[in-house]
Amino acid sequence: MKNYTAVISAVIAFAVTVLLGYVVIPYLRKLKFGQTILDIGPKWHKEKQGTPTMGGVMMMAGVIVALVLGYTASAISGERFSFELKDKYRLTVFLAGIIMALCMGFIGFIDDYIKVVKKRNLGLTARQKTFLQLLVSALYLITLSFSGMKTTYIPFIGDVNISSGLGLLFWPVALMFIYGFTNAVNLTDGLDGLASSVTLVVACAFMLASGFLGIISTNILSSSLAGACAGFLVWNAKPAKVFMGDTGSMFLGGMVVALSFGIGRPILLILAGCLYFLEAISVMLQVSYFKLTKKRLFKMAPLHHHFEMCGWSEQKTVFVFSLIAFVGCFLALLTVIYGL
């Protein structure tokens, strides 16, 4: 029997996210949960002042509803999704990934709430946010370890034992890996439709990779995320009627990490998520270069703002950055398809 659960889940996630926009966006406007545009950003972004934020809850709901209904449809029809989750390890990886992403989204929600409701523009302090993100990341990795994760796949090397010897270094590196990519996705959310477009590309790549590897649970999770991102773009493409806020961007960060661990190849996120990586690196380079020289390496960081300052439109930046993400995802897929 062919597996249609991925298609069903993607369609449901898309539909739920789009439909929620008709309810959530007016409600956010009513509550006056509008985005505050800081003076440090491009001056023309000031026109976005007051646009409803925290719209990431729409994507979170879209993914969860799609997974629940997708699982139900799979259980009724006897497709592989429900069967695969009878395996204790696969179920743990699947649920732990979802819970980790939701927890990251909740941290983002707290941050947004403080900014919007409590009128503290910077939200959580850097220490508070770092502590919470590292705590969630550590608990996620501990869960994977106790569930039986003993190896990780590295291209051109193969499966590497991470339960003893030098392989134990994987865990602290993985901790910073999760923390870093979650924040990198957060940094990417700076233009209308940018983070959702890039993540749509990344989710599709992991959908293909997990399908090729026969990991149905991650395949469904990927398709649900792709559908939710596409649905959010209906409201978030320029001119954005709602922003995802830290609620959405940190949820997306947790989700792409969960997908990479779900196929047992987190290192592939360096290629598939190359755009996130470039955005984060641009900020680190900008700060380091300024401390050393008192000059700016880029006109503005993160990287998307640099190209804005160079005269690129938001639409052009989103298209080019999504294309870069596509190239990175294509290279990542090649390593999976050809068993590199």
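Colleague: How many disulfides does the structure hold?

Modeller: It holds 0 disulfides. A disulfide here is a pair of cysteine sulfur atoms within 2.5 Å. C204 is in none, and its nearest cysteine sulfur, that of C329, is 8.7 Å away.

Colleague: What should I know about the model before going on?

Modeller: It is a predicted model, where local features need pLDDT of at least 70, side-chain atom pairs count only at pLDDT 80 or more, and totals for chains, interfaces and linings use all residues. Residues are numbered from 1 along each chain as its sequence is written, and side-chain values use heavy atoms, with hydrogens and water left out.

Colleague: Back to C329. Which cysteine sulfur is closest to the sulfur of C329?

Modeller: That of C274, at 6.9 Å, which is too far for a bond.

Colleague: New topic. How many cavities of 30 Å³ or more are there?

Modeller: There are 2. A cavity is a set of points, on a 1 Å grid over the protein atoms alone, where a 1.4 Å probe fits but cannot get out; lining residues have an atom within 4 Å of a point. Points are joined across faces, edges and corners, and the volume is the space filled by probe spheres set on them.

Colleague: What is the volume of the largest cavity?

Modeller: About 50 Å³. α7 (194-213) and α13 (314-337) are the elements that give two or more residues. α13 gives the most, with 4. Helices are DSSP runs (H or I, at least four residues), numbered from the N terminus.

Colleague: What classes of residue line the largest cavity?

Modeller: It has 10 nonpolar, no polar and no charged residues. Ala, Val, Leu, Ile, Met, Phe, Trp, Tyr, Cys and Pro count as nonpolar, Asp, Glu, Lys and Arg as charged, and the others, Gly among them, as polar.

Colleague: What about the second largest cavity?

Modeller: The second largest cavity has a volume of about 40 Å³. V93, S217, T218 and G262 are among its lining residues. α4 (88-116), α8 (216-236) and α9 (245-262) each supply at least two. The largest share, 3 residues, comes from α8.

Colleague: And its classes?

Modeller: This lining has 4 nonpolar, 3 polar and no charged residues.

Definitions and conventions:
1 Å grid on protein atoms, 1.4 Å probe; cavity = no way out; pocket = protein on both sides within 12 Å on 5 of 7 lines; lining within 4 Å.
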